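Here are my notes for a first look through this one. Have the model open beside you and go point by point.

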Amino acid sequence: MSVVASNLVWGVRRKRIVSDVSLSVAQGETLGLIGPNGSGKSSLLRLLAGLRRPQSGRVEISGQDISQIPRRALARQLAFVQQNAATDTNVSVRDVVRLGRTPHRSALSGWSAVDELAVASALERVDMTDRRAQPWQTLSGGERQRVHIARALAQSPRVMFLDEPTNHLDIHHQIEILRMVRDLDLTSIVALHDLNLAALFCDRIAVLQNGVLVACGRPAEVLTQSLLRDIFRVQAEVNNIDQTGRPHIRFKTG
Amino acid sequence: MTPSDETGSGAGWLALFLVLVLAVLAFAVALATAIGDYSIGLRTVTLAITNGLGLTGADIPPIEESVVWDLRLSRALVAALAGAGLAICGAILQALLRNALAEPFVLGVSAGASTGAVCVIVLGIGAGSLSLSAGAFAGAFAAFALVAILSNGATSGPNHTILAGVAASQLFNALTSYVVTTSGNAQQARDVMFWLLGSFGGVRWPDFQLLCAVVICGLAICLWMARALDAFTFGDEDAAALGVPVARIRLILFAVTAMMTATIVSMVGSIGFVGLVVPHAARHLVGPLHLRLLPACAAVGAVFMVLADIASRVIVAQQTIPIGVVTALVGVPFFAIILYRSRPQT
Ligand SMILES: Nc1ncnc2c1ncn2[C@@H]1O[C@H](COP(=O)(O)OP(=O)(O)O)[C@@H](O)[C@H]1O
Ligand SMILES: [Mg+2]
């Protein structure tokens, strides 16, 4: 399913947080969303997921305006992994992943084999199957992140938005998770901080600065020395060492 | 299998648990009916009840039959329903407000009820046409309406709603104190005080019927929304991302809990602690999923309240201690144990 945003504007009081952002992601494509802290990545993802109503502009999924789709129907198509979802409730890993089935179940329907399969394979995908009975509170930050991703997978979505999913993850799981997102038959938008990982795993990269989309294109086109200097205020050397044309960034101190 | 599994032996465990608790409840109700200034044997109690239900035609003294059926049974059953209702409301509010300290009175309902009650008892508003219960109910809903307005229909986040509840409680408690201290005589002040701490004295079958309807409807609505309640585990926005119509669910459930709490408070006073402690205890027993937690809360709350009612009548001979005092006296140590056992393992 394709995701098309046109002229999204959102802000609070006088402050513009997302300014006139338009982008489109094709079926099956993985779009990386990068930008400095506070550039509006999370806000943009919330608009795209329909959790905030834009002041103007609209978001379409497969050509349908998401403000016209009922919440539950939307949640069957679209999953959103938030940045810092936390709870005080004493739930187990399995309980959390089961929540992903919420949009597929009616008030009284039982737990079906399809539900069970979705939960089991989601746990397997993030490598948490043998931890399924563990209390959520006792998980490490990275494990919690993986459980959230499993929950989103259990939703069986066609479109997935992930807000900095690789924070707290060790390098192995960073690569595993991004590889999985890329290889799944999903249309996805991933907010990332690690520019090298973005270059490796994203089909295209969108760059936000102060709520404005300043660049969008293939990694090699976007991740240039001058962009890194202007947007991220770092000195870096960009090499296209990979035969696939994916750039590699080396940061320079001083 | 952990109790949090909804399927397989998980469901079997819940069923077993509920059957067990209901058996204990039946016994507790019979006990509550037997004990009193005029104590009646358990056999007579059972026969009087089955006679009343038209199941048997046993020959027992009419006085005893009347005491059991007309006075004590209705009282015990109202106690059970009040305990069940308060526990359900506590569990719902703890989930919606994502706060372990939330309880049925957090939205100002009991403070409002007390103001309504003193307006009737002390100020004589309604000139005798209004009952204490009606005044309390009106006050409770006034407080709830104020909280709803202060928190923009509960759309401004859990903490905002809790603060609105605190503000409303303070306001109505102040109004109550003001009325009591400025115009009440000592006896009226004592009456109000007693009523506030809760009492099942004087409840009869019509009270039972009303409460039964309210609690059963409330429980049914809450069970219908149990899955949605689970989705609030990681907050409102997360629930929305899981397809839950957050604003609608929250408004309906706040209204349902306010309705249940207001009915209970206006009937038997504001009995504290049950709505706070029982959900935590029930969560320990059956896990956090609401489809099993809510029935468990209802069952445990009912037993707890009936036992508390018995205790309130037997601790001091010839005297009934306010039920709110008993629930706190029994509840606090119990709660301490739970807190101790669930302390973070560091
Ligand atoms: N509800 C809000 N009220 C006020 N300011 C907000 C709100 N949401 C986001 N912001 C501000 O908007 C900017 C962008 O935030 P965010 O989208 O979280 O950035 P990012 O995810 O790129 O770090 C930040 O400066 C943040 O403080
Ligand atoms: Mg962010």
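1. Which side chain makes a polar contact of 3.1 Å with the side chain of B:Ser114? The partner is B:Thr176. A polar contact here is a pair of N or O atoms within 3.5 Å; within protein, one must be able to donate a hydrogen and the other to accept it, and residues adjacent in sequence count only if both atoms are side-chain atoms. B:Ser114 sits in helix H4 (residues 109-121) of chain B, and with 3% relative accessibility it counts as buried. Buried means under 20% relative accessible area, exposed over 50%, and partly exposed in between (1.4 Å probe, protein chains only).

2. A word on the ground rules. This is a predicted model, where local features need pLDDT of at least 70 and side-chain atom pairs count only at pLDDT 80 or more, while totals for chains, interfaces and linings use all residues. Residues are numbered from 1 along each chain as its sequence is written, chains are lettered from A and ligands numbered from 1 in the order in which they are written, and side-chain values use heavy atoms, with hydrogens and water left out. Helices (H or I, at least four residues) and strands (E, at least two) are DSSP runs, numbered from the N terminus.

3. Now to ligand 1. Its shell, meaning residues with a heavy atom within 4 Å of it, consists of A:Val12, A:Lys15, A:Ile17, A:Pro36, A:Asn37, A:Gly38, A:Ser39, A:Gly40, A:Lys41, A:Ser42 and A:Ser43. By class that is three nonpolar, six polar and two charged residues. For the classes, Ala, Val, Leu, Ile, Met, Phe, Trp, Tyr, Cys and Pro count as nonpolar, Asp, Glu, Lys and Arg as charged, and the others, Gly among them, as polar.

4. Who touches the ligand's oxygens? The side chain of A:Ser43 has an N or O atom 2.6 Å from one oxygen atom of ligand 1. Backbone N or O atoms also come in: one of A:Gly40 lies 3.0 Å from a ligand oxygen, and one of A:Ser39 lies 3.3 Å from a ligand oxygen. Taken alone, ligand 1 exposes 560 Å², and the protein buries 62% of that (Shrake-Rupley method, 1.4 Å probe). Strand E2 (15-25) and helix H1 (41-48) of chain A are the elements giving two or more residues to the shell, and H1(A) has the largest share, with three residues.

5. Staying in chain A, an unreviewed UniProt entry annotates residues 3-235 as "domain: ABC transporter"; such annotations may be inferred rather than shown by experiment. That span is 35% helix and 26% strand, and its end C-alpha atoms lie 34 Å apart. Look also at A:Arg53, in the loop between H1 and strand E4 (56-61) of chain A: it is exposed, with a relative accessible area of 67%. A:Arg53 is 45 residues from A:Leu8 in sequence, and their C-alpha atoms are 9.6 Å apart.

6. Next, the aromatic rings. Rings of Phe, Tyr and Trp (its six-membered ring) pair if their centres lie within 6.5 Å; planes under 30 degrees apart count as stacked, over 60 as edge-to-face and the rest as tilted. The count comes to five aromatic pairs over all chains. In one of them, A:Trp136 and B:Phe234, the ring centres are 5.0 Å apart and the planes are at 75°, so the pair is edge-to-face. This pair crosses between chains, from the loop between helix H4 (113-125) and helix H5 (141-154) of chain A to the loop between helix H9 (226-230) and helix H10 (236-241) of chain B.

7. Another pair is B:Trp69 with B:Trp205: centres 5.2 Å apart and planes at 40°, so it is tilted. B:Trp69 is in helix H3 (residues 62-96) and B:Trp205 in helix H8 (residues 205-224) of chain B, so the pair ties together parts 136 residues apart in sequence. B:Trp69 is partly exposed at 21% relative accessible area, while B:Trp205 is buried at 19%. Ring pairs link these two and B:Phe208 into a cluster.

8. Last, B:Ser312 in helix H13 (residues 290-314) of chain B. B:Ser312 is buried, with a relative accessible area of 2%, and its side chain reaches the backbone oxygen of B:Asp309 at 2.7 Å.
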